[in-house]
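Biologist: Please show the sequence and the structure, and then let us go through some points in turn.

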Amino acid sequence: MHIFANPKRFLSLATWLTPMCLVIGLVMAGGALAYGLLYAPADRLMGETVRILYIHVPAAWLGMGGWTTIAVASIVELVWRHPLATIAARAAAVPGAVFTAICLITGSIWGRPTWGTWWVWDGRLTSMLILLFLYFGYIALAGAVNREGASSRIPAIFGIVGAINIPIINRSVVWWNSLHQPPSITLGKSAIDPAFLWPLLIAAVGFSFIFGGVVLARMRMILADIQTEARLRRKALAA
Amino acid sequence: MSAIKPKHQRLVLLVIALIALIGAGLLAAWALRNQASYFYVPSEIVAHPPEADRAVRLGGMVQAGSIKTDPDGVTIHFMVGDGKANVPVVYAGIVPSLFVEGSGVVAEGRMGKDGTFVADNLLAKHDENYVPRELKDMSGAQAKAVVSETSQ
Amino acid sequence: MREALDQWHFVAAAYAVGIIGTLGMVGWSWISMRRAEKRREKARRK
């Protein structure tokens, strides 16, 4: 019953919220990236490659944010049995995986001129790569549940268990000596000059809007698929 | 009815599972504490020198004024320190463009018999500070102070 | 000997990856959403 009560309200909201999030996000992120590429200063040591940070850092935050979304939605699904939570968890997987991949690739491109290597197996890089594989596992598992009709609680449990990787990624540069630098931005203070920080924060907010818009679009897609299937099944029964 | 609501029962179960999971994760991270480190710092190398010819990584700060280039123009000598100990390093090859005095470095190689670290490969380690080029004439410490003042 | 790489090549490559990846994801998600909603309308009308 409440599968049909809630999606109605969600859909009336998502119809205008989806394009709004995407447009705001594309404008903000696009503007911040253009500023970062053309006007932001070069770094004292890194030089021009500091500009890669405007993509790399928001992508890293959203890659981790995507799994956090999956984990929180999975908890809501398991405890409160809210059907929209299941859909939200599924919808966050693809954008999370894409941002994690963007983070890894741009980080590798940054590492070559900065560190002198494309890749090292240090704590931060390895745990981020594990996150990408967790996303692949989750997407495959959710797809299998859809096709085979197994319990949707299996991906939810996987989503919660996999969340243990998120604090490990976050703390990896503090716990272990790593080639990756320690966090520059911690609660209340930043070791990043304001000339870099502002475009970075605007890019991060913009990419977050894009992330939100993509999650909403994918929720609408999953919901429409479920409703189509339910409708066709009822028709087949009636015929 | 004295039974707990199923919703609450599920919540309690989940909380217990989460605590177990976080505990397991912390334990694993603690166990990996030494294995997962990407490099040793000079004071660790000095306190427990690795056996010669075992491949290790040494990471620390390139000490100011310590980079010396041999007449062949390729071999360089420098000191890597962590504030407690210094290890001399010798390296022959192309250095990354961010390899400068007062900045971080990770050297891959092995400990020589004379106490000099022979590096096969150098990686530049960047720190967490991002400073525009206009400030580059200041010393690192001054620039850090400027950043921390202006970003409060 | 110091390595001398053109940093702008790396910046351009990273921006290309970030922008193509993001726009591709947005476009793909939007189109598949519209398709799924069209299928639903069709199933309703029939």
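What follows is a short exchange about chains A, B and C.

Modeller: This is a predicted model, in which local features need pLDDT of at least 70, side-chain atom pairs count only at pLDDT 80 or more, and totals for chains, interfaces and linings use all residues. Residues are numbered from 1 along each chain as its sequence is written, chains are lettered from A and ligands numbered from 1 in the order in which they are written, and side-chain values use heavy atoms, with hydrogens and water left out.

Biologist: How far does helix α1 of chain C reach from its first C-alpha to its last?

Modeller: Chain C has 1 helix and 0 strands, where helices (H or I, at least four residues) and strands (E, at least two) are DSSP runs numbered from the N terminus. Helix α1 takes in residues 7-45, 39 residues in total. The expected span is 1.5 Å times one less than the number of residues. For α1(C) that gives 57 Å, and the reach in the model is close to it, at 57 Å.

Biologist: Which residue caps the N-terminal end of α1(C)?

Modeller: The cap is made by a side-chain oxygen that lies 3.0 Å from the backbone nitrogen of Trp8(C). A polar contact is a pair of N or O atoms within 3.5 Å; within protein, one must be able to donate a hydrogen and the other to accept it, and residues adjacent in sequence count only if both atoms are side-chain atoms. The oxygen belongs to Asp6(C).

Biologist: What percentage of the residues of chain C count as buried?

Modeller: The C-alpha trace of chain C spans about 75 × 10 × 5 Å along its principal axes. Buried means under 20% relative accessible area, exposed over 50%, and partly exposed in between (1.4 Å probe, protein chains only). Of the 46 residues of chain C, the buried share is 37%.

Biologist: Is Pro49(B) buried or exposed?

Modeller: Pro49(B) sits in the loop between α2 (42-47) and β1 (56-62) of chain B. Gly115(B) is 66 residues away in sequence, with 8.9 Å between the two C-alpha atoms. Because its relative accessibility is 57%, Pro49(B) counts as exposed.

Biologist: Which residue follows α4(A)?

Modeller: Helix α4 of chain A holds 26 residues (123-148), which should span 38 Å at 1.5 Å a residue; the end C-alpha atoms are 37 Å apart, which agrees. After α4(A) comes a residue whose phi is positive, near 70°: Gly149(A).
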